[in-house]
Amino acid sequence: MELYDTTQLALEKAIEGSSARQQAIAANLANVDTPGYQRVDVDFHSTLRDAMASGSDGLAGAAFAAVVQAAPQRDATAQVRPDGSSVDADVEAAAQARNGLEYEALVQISKARIDILESAMGTR
């Protein structure tokens, strides 16, 4: 019997994915004035959705872990500036804020679920 269910595993993987995405966004912002720098991003949402569709085995599997820990991918859809860079500081700042809020929400939900488990076990 597992202590954590599929939802808790999904929250854990989403937190990891959001953290990897935050690192990619920070790299973009750090290179906003670097000529030729291409914007990168981590798309963990679709991978998480596919893993959840296959149940807890998909969430615990190496395939999902490898994607989250993989290097960020170049964003081919981003507009390229005349200096060859595809980073827009305003777009990155908005993405950073949105991702930060998502991360905070995921952590709060995960903590609430753990608190419920601890209460049920009588350890709180």
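**Salt bridges, helices and a loop**

Trainee: What does Arg21 form a salt bridge with, and how far apart are the closest N and O atoms?
Mentor: Arg21 pairs with Asp41, and the closest N and O atoms are 2.8 Å apart. A salt bridge here is a side-chain nitrogen of Lys or Arg within 4 Å of a carboxyl oxygen of Asp or Glu.

Trainee: Where do the two partners sit?
Mentor: Arg21 is in helix 1 and Asp41 in strand 1, 20 residues apart, so the pair links distant parts of the chain. Helices (H or I, at least four residues) and strands (E, at least two) are DSSP runs, numbered from the N terminus.

Trainee: What kind of model is this, and what are the ground rules?
Mentor: It is a predicted model: local features need pLDDT of at least 70, side-chain atom pairs count only at pLDDT 80 or more, and totals for chains, interfaces and linings use all residues. Residues are numbered from 1 along each chain as its sequence is written, and side-chain values use heavy atoms, with hydrogens and water left out.

Trainee: Back to the pair. Are Arg21 and Asp41 buried or exposed?
Mentor: Both Arg21 and Asp41 are buried. Buried means under 20% relative accessible area, exposed over 50%, partly exposed in between (1.4 Å probe, protein chains only).

Trainee: How many salt bridges turn up in the whole structure?
Mentor: Six. Arg21, Arg39, Asp41, Asp75 and Glu92 are linked in a network of them.

Trainee: What does Arg39 pair with there?
Mentor: Arg39 meets Asp41 at 3.8 Å, N to O. Arg39 also meets Glu92, at 2.4 Å, N to O.

Trainee: Which parts does the Arg39 and Glu92 pair tie together?
Mentor: Arg39 lies in the loop between helix 1 and strand 1, and Glu92 in helix 5 (residues 89-121), so the pair ties together parts 53 residues apart in sequence. Arg39 counts as buried because its relative accessibility is 7%. Glu92 is buried too, at 0%.

Trainee: And where does Asp75 lie?
Mentor: In the loop between strand 2 (73-74) and helix 5. Asp75 counts as buried, at 18% relative accessibility. Leaving out residues up to four places away in sequence, Asp75 touches Arg39 and Val40. Contact means heavy atoms within 4.5 Å.

Trainee: New topic. How many helices and strands are there?
Mentor: Five helices and two strands. Along the sequence the pattern is α-β-α-α-α-β-α.

Trainee: How much of the protein is buried residues?
Mentor: They make up 33% of the 124 residues. Of the contacts between residues at least 6 apart in sequence, 75% join residues at least 24 apart.

Trainee: What about helix 5? How far does it reach?
Mentor: Helix 5 has 33 residues and spans 48 Å from first C-alpha to last, close to the 48 Å expected. The expected span is 1.5 Å times one less than the number of residues.

Trainee: Which residues of helix 5 are buried, and what do they pack against?
Mentor: Glu92, Ala95, Asn99, Gly100, Leu106 and Ser110 are buried. The buried residues of helix 5 pack against helix 1.

Trainee: What does Ser18 touch?
Mentor: Ser18 is in helix 1 (residues 6-30). Not counting residues up to four places away in sequence, Ser18 touches Phe44, Asn99, Tyr103 and Leu106. Ser18 is buried, at 0% relative accessible area.

Trainee: Helix 2 next. Which of its residues are buried?
Mentor: In helix 2 (residues 45-53), Thr47, Leu48 and Ala51. Seen down the axis, they fall within an arc of 100 degrees, so they line one face of the helix. The arc is that of the directions from the helix axis to the C-beta atoms.

Trainee: Which exposed residues does the other face carry?
Mentor: Arg49, Asp50 and Ala53 sit on the face turned away from the buried side of helix 2.
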